[in-house]
Amino acid sequence: MIPLSLEEIARVAGGTVEGDRAVTVTAPAVLDGRAAEPGGLFVAFAGEHVDGHDYAGQAARAGAVAVIGTRPTSLPTVVVEDVQAALQALARHVVARLRDGLTVLGVTGSQGKTSTKDLLTAVLSSSAATVATVGSLNNEFGVPLTMLRADPTTRFLVLEMGARHVGHIAAFADLVAPDIAVVLNVGTAHLGKFGSQAAIARAKGELVQGLASGGTAVLNADDPRVAAMRTLTNGPALTFGQARHADVRVHDLVLDRLARASFTLRTAEASAPVALSILGAHQALNASAAVAAGLAAGVPLGVAATALSTASVSKWRLEMRDLANGARLLNDSYNAHTESILAGLDTLAAIEGGRRIAVLGEMLELGENSEREHRVVGEYAAARADVVLVIGDAARPIAEGAGDRGASLADNDAAVDWLRRNLTAGDVVLVKASRGARLDEVASALT
């Protein structure tokens with residue numbers, strides 16, 4: 001973060017300073033007081049159950065020197081009417097001051113956003129200083145917090161952008177028009193919120209429409225809804241995927257015994273081999289997106305391909321752990337919807353071992369299609385797993401779709417009990433559901 005006096009923060013955010021006006025913020029802004037750094041800014045939200053202002057002292061002990069909130073605290077405080085609006089105004093101001101030396105990249109899609117953002121960060125970091133979204137902080141708070149981490153040394157700013165309604169991504173693009181817009185796919189995530197895939201496509205297309213003048217769209221050639229977004233911009237576009245006409249094409253894809261992908265990435269001018277250390281054939285598409293965006297940002301193909309070989313992704317995304325009894329755990333519990341569970345099941349089936357056991361829970365926000373989508377997952381799981389354990393009544397259609405291989409369990413404790421009693425050496429276990437199902441508890445109990 002660039003140094004900012006409280007006077008400047010107040011002026012930009014439309015607030016007033018309560019306390020020592022001579023304080024200067026020199027470290028990133030945070031929502032969690034425990035994560036504050038020396039010289040940092042604590043952003044205090046008053047939520048329905050927790051009031052962040054009450055944790056100013058905790059933030060101070062961690063090193064924060066100031067607060068932005070709606071009332072004074074024990075630290076010097078910039079008092080504003082709307083903390084979210086103030087945070088976004090401050091982020092816009094900071095990036096505007098750095099804009100001449102900064103390339104901004106936005107990443108969106110129904111699935112794979114975080115993994116692609118992580119791969120893209122590895123590609124860009126191999127060439128220059130890069131600031132990127134941490135984990136999946138891709139909402140109206142996470143995007144400005146990431147922007148505020150940029151400083152004069154930052155060459156690339158990577159912003160993962162999520163959406164639950166049409167207009168969300170347009171608002172992010174209003175904060176900072178990206179120089180490069182990456183759209184991965186249009187799937188079923190948050191279908192219950194959007195109402196249709198056509199609405200999801202409109203929402204994702206807002207990133208392309210929000211490009212800075214002369215900015216480049218990076219689009220999935222394998223997804224017709226994404227490929228059609230080429231018409232949303234008059235600027236240049238690069239495509240990625242397995243389609244023969246893709247500008248960055250995945251070729252000769254193979255998986256090893258642990259479902260790690262090796263392949264060749266080809267452009268019209270060159271080719272480069274890639275061997276990923278992360279799991280799943282679907283990561284090859286994400287890697288091609290990261291390389292295409294890297295090319296748009298000036299990173300050569302060979303440099304990008306080399307960077308991918310050691311790239312890692314955020315936690316709880318097909319993390320493999322060897323258990324004490326000789327079984328293997330695939331912890332993919334961060335979130336789930338139909339397409340991501342199918343990809344996880346494909347990965348489970350590709351790993352060499354004994355029995356394949358899928359532990360699955362509810363997929364949230366699917367609306368009126370929920371029962372059908374859960375049943376589709378169950379049918380798919382029956383073809384790729386020997387045992388399909390389904391947790392909770394809401395996910396019961398998965399078990400029904402899985403037929404004889406499916407079993408419904410009441411809760412996470414029941415799943416842990418079954419696994420502890422039945423897992424043997426060589427078994428491979430996939431744990432996956434929407435975040436609200438808390439299947440990370442099952443994974444944690446096993447490890």
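In the predicted model, Ile357 stands opposite Val387 of strand β20. This pair belongs to the stretch in which strand β19 (residues 356-360) and strand β20 (residues 387-391) run in the parallel sense and are paired over four bridges. Against the sheet lies helix α12 (residues 338-350), which packs on it through contacts with β18 (328-331), β19 and β22 (428-432), and whose direction makes about 170 degrees with that of β22. Helix α15 (residues 412-422) likewise packs on the sheet, where it touches β19, β20, β21 and β22, with its direction at about 155 degrees to that of β20.

The sheet to which these strands belong is open and consists of six strands in the order β17-β18-β22-β19-β20-β21, with mixed pairing. Its edges are formed by β17 (319-322) and β21 (406-409), each of which pairs on one side only. On average, and with direction ignored, neighbouring strands of this sheet are turned by 20 degrees against each other.

A second open sheet is built from nine strands, arranged in the order β9-β10-β8-β11-β12-β13-β14-β15-β16, and here too the pairing is mixed. From one strand to the next, the twist averages 20 degrees.

At the level of domains, the assignment for the protein gives domain 1 (4-82), domain 2 (102-309) and domain 3 (319-446). The centres of domain 2 and domain 3, taken over C-alpha atoms, are separated by 28 Å, and the contact takes 19 residues from domain 2 and 17 residues from domain 3. Between domain 2 and domain 3 an area of about 1,400 Å² is buried, of which 58% is given by carbon and sulfur atoms. Two salt bridges are found across the interface of domain 2 and domain 3.

Over the whole structure, the search for salt bridges finds 22. Among them is the pair formed by the side chains of Glu8 and Arg97, which meet at 2.8 Å, N to O. Because Glu8 lies in helix α1 (residues 6-13) and Arg97 in helix α3 (residues 83-98), this pair ties together parts that are 89 residues apart in sequence. A salt bridge is also formed by the side chains of Glu365 and Arg164, with an N to O distance of 2.4 Å.

The feature "domain: Mur ligase central" is placed by UniProt at residues 107-293, a span whose end C-alpha atoms lie 10 Å apart and which is 32% helix and 26% strand. The UniProt annotation "domain: Mur ligase N-terminal catalytic", also from an unreviewed entry, covers residues 31-86; the end C-alpha atoms of residues 31-86 lie 14 Å apart, and this span is 20% helix and 18% strand.

Technical notes:
Residues numbered from 1 in each chain as written. Predicted model: local features only at pLDDT ≥ 70, side-chain atom pairs only at ≥ 80, totals over all residues. Heavy atoms only, no water. Pairing = 2+ DSSP bridges. Helix = DSSP H or I, 4+ residues; strand = E, 2+ residues; numbered from the N terminus. Axes fitted to C-alpha atoms, helices over the stretch in contact; angles between N-to-C directions. Contact = heavy atoms within 4.5 Å. UniProt positions renumbered as here; feature names shortened; annotations may be inferred. Domains from an automatic or database assignment. Buried area = accessible area lost by both parts, 1.4 Å probe. Salt bridge = Lys/Arg side-chain N within 4 Å of Asp/Glu carboxyl O.
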